[in-house]
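Reader: Before we go through this model, could you set out the points that can be read from its geometry, one question at a time?

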Amino acid sequence: MTSAAQSTVERVMTTDLQTVRPGERLDTAAQAMDRAGVRQLLVVDDGRLLGLISYRDIIRLVLDSGATATGIVAEHMDPDPVTVPPSTALADVIRMMLDSDLSAVPVTEDDRVVGVISEHDIVRLAGTLLTAEEAR
């Protein structure tokens, strides 16, 4: 059995991806995030990652403009999000997320999105490890 210290991103990443196309309206993206209970969407076209749009991006837009979130995803997404391959050590991606204040990191392989690792995934793993430790 692989210990948590030796685990890779592939072991805990989410593969049920919440995505949006670059031409979608921001309010549609915000509604999709709300329905799915996520704080970010992968911006994809034909499985290829084009960017990342977060709830935080939309909130900032609303606060900066004093209006509703208007426009399309492509105009406000991060077009160059940090990504990792599935073989990345879990400890490395956690360190990266902490150092760069990232709440989620897309997981790519051969220019295709295969998953995402988020704070939620890491907390879920921590809960599993704590439960296992308490059972011992």
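Author: Two strands are taken to pair if DSSP finds at least two bridges between them. With that in hand, we can turn to the model, which is predicted.

Reader: In what sense, parallel or antiparallel, do E1 and E2 pair?
Author: Strands of a sheet pair through backbone hydrogen bonds, and the sense may be either parallel or antiparallel. Here E1 and strand E2, residues 40-45, are joined over 2 bridges, and valine 20 stands opposite valine 43 in E2. The sense in which E1 and E2 pair is parallel.

Reader: Which strands stand at the edges of the sheet?
Author: The open sheet is formed by 3 strands in the order E1-E2-E3, with mixed pairing. Each edge strand has a single partner strand, so one side of it is left without a neighbour in the sheet. The strands at the edges are E1 (19-20) and E3 (48-54).

Reader: At about what angle to E2 does helix H2 run?
Author: Helix H2, which spans residues 26-36, lies across E1, E2 and E3. Its direction relative to E2 is given by an angle of about 125°.

Reader: Is serine 54 buried or exposed?
Author: Serine 54 is found in strand E3, and, leaving aside residues up to four places away in sequence, it touches Met33, Arg39 and Gln40. Because a residue under 20% relative accessible area counts as buried, the value of 15% for serine 54 makes this residue buried.

Reader: Which residues form a nonpolar patch on the surface together with Tyr55?
Author: Tyrosine 55 lies in helix H3, residues 55-65, and is partly exposed, with a relative accessible area of 34%. Patches are made of residues with over 30% relative accessible area, a cut-off that tyrosine 55 passes at 34%. The patch has about 300 Å² of accessible area together, and the residues that form it with Tyr55 are Ile59 and Leu63.

Reader: What is the phi of aspartate 111, and where does aspartate 111 lie?
Author: Most residues other than glycine have a negative phi. Aspartate 110, in the loop between strand E4 (104-109) and strand E5 (112-118), has a positive phi of about 55° although it is not a glycine, and at 69% relative accessibility it counts as exposed. Aspartate 111 also counts as exposed, at 60% relative accessibility. The place of aspartate 111 is in the loop between E4 and E5, and its phi is positive, near 65°.

Note on methods: Residues numbered from 1 in each chain as written. Predicted model: local features only at pLDDT ≥ 70, side-chain atom pairs only at ≥ 80, totals over all residues. Heavy atoms only, no water. Patch = residues over 30% accessible without salt bridge, like charges linked within 9 Å, V, L, I, M, F, W, Y side chains within 5 Å. Areas by Shrake-Rupley, 256 points an atom, 1.4 Å probe, with all protein chains shown as cover. Salt bridge = Lys/Arg side-chain N within 4 Å of Asp/Glu carboxyl O. Helix = DSSP H or I, 4+ residues; strand = E, 2+ residues; numbered from the N terminus. Buried < 20%, exposed > 50% of the residue type's maximum accessible area, 1.4 Å probe, protein only. Contact = heavy atoms within 4.5 Å. Axes fitted to C-alpha atoms, helices over the stretch in contact; angles between N-to-C directions.
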